[in-house]
Amino acid sequence: MPKVTYTSAGGGVRVLDGNAGDSVMEIAVRNGLPGIVADCGGSLACSTCHVFVREEDLERLAAMSELEDEMLDGTAEERRHNSRLSCQLKLEGDVHVYVETPESQV
């Protein structure tokens with residue numbers, strides 16, 4: 001079962017279980033996690049599910065698409081080298097991913 005550890009900008013930590021094929025965003029929204037707004041519901045039309053992925057987890061996730069790369073230029077908090085849109089991070093198997101949510105999504 002996939003797991004995601006979410007760390008808020010304020011340092012709060014929450015570990016949530018997901019299902020194979022879920023995105024990091026879907027798991028957060030389903031569990032009422034603050035910090036991921038997901039205005040577009042995962043259709044890659046906004047950047048309100050921006051997260052920072054732990055370095056060692058970046059290589060285990062699908063590569064960033066050109067459209068996701070463009071959308072990351074419009075995030076409320078400045079983009080970093082490990083920025084991703086959580087709607088694009090689909091989880092498979094027993095992967096455990098660690099992400100940090102930014103201070104603001106809007």
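Author: Strand 1 and strand 2 form a hairpin with five residues between them, strands being DSSP runs (E, at least two residues) numbered from the N terminus. In the turn, G11 has a positive phi of about 100 degrees. This is a predicted model, in which local features need pLDDT of at least 70, side-chain atom pairs count only at pLDDT 80 or more, and totals for chains, interfaces and linings use all residues. Residues are numbered from 1 along each chain as its sequence is written, and side-chain values use heavy atoms, with hydrogens and water left out.

Reader: How many bridges join strand 1 to strand 2?

Author: Strands of a sheet pair through backbone hydrogen bonds, either parallel or antiparallel. Here strand 1 (residues 3–7) and strand 2 (residues 13–17) run antiparallel, joined by five bridges; pairing requires that DSSP finds at least two bridges between two strands. V4, for instance, has L16 in strand 2 as its bridge partner.

Reader: In what order do the strands form the sheet?

Author: The open sheet has five strands in the order 2-1-5-3-4, with mixed pairing. Strand 2 and strand 4 (83–85) are the edge strands, each pairing on one side only. Strand 3 (residues 50–53) runs antiparallel to strand 4, with three bridges, and V51 has R84 as its bridge partner there.

Reader: Where is Y98 placed, and which residues does Y98 touch?

Author: Y98 lies in strand 5 (residues 96–100). Leaving aside residues up to four places away in sequence, Y98 touches T5, F52, V53, R54 and D57, contact meaning heavy atoms within 4.5 Å. The C-alpha atoms of Y98 and T5 are separated by 4.7 Å, although the two are 93 residues apart along the chain.

Conventions:
Helices (H or I, at least four residues) and strands (E, at least two) are DSSP runs, numbered from the N terminus.
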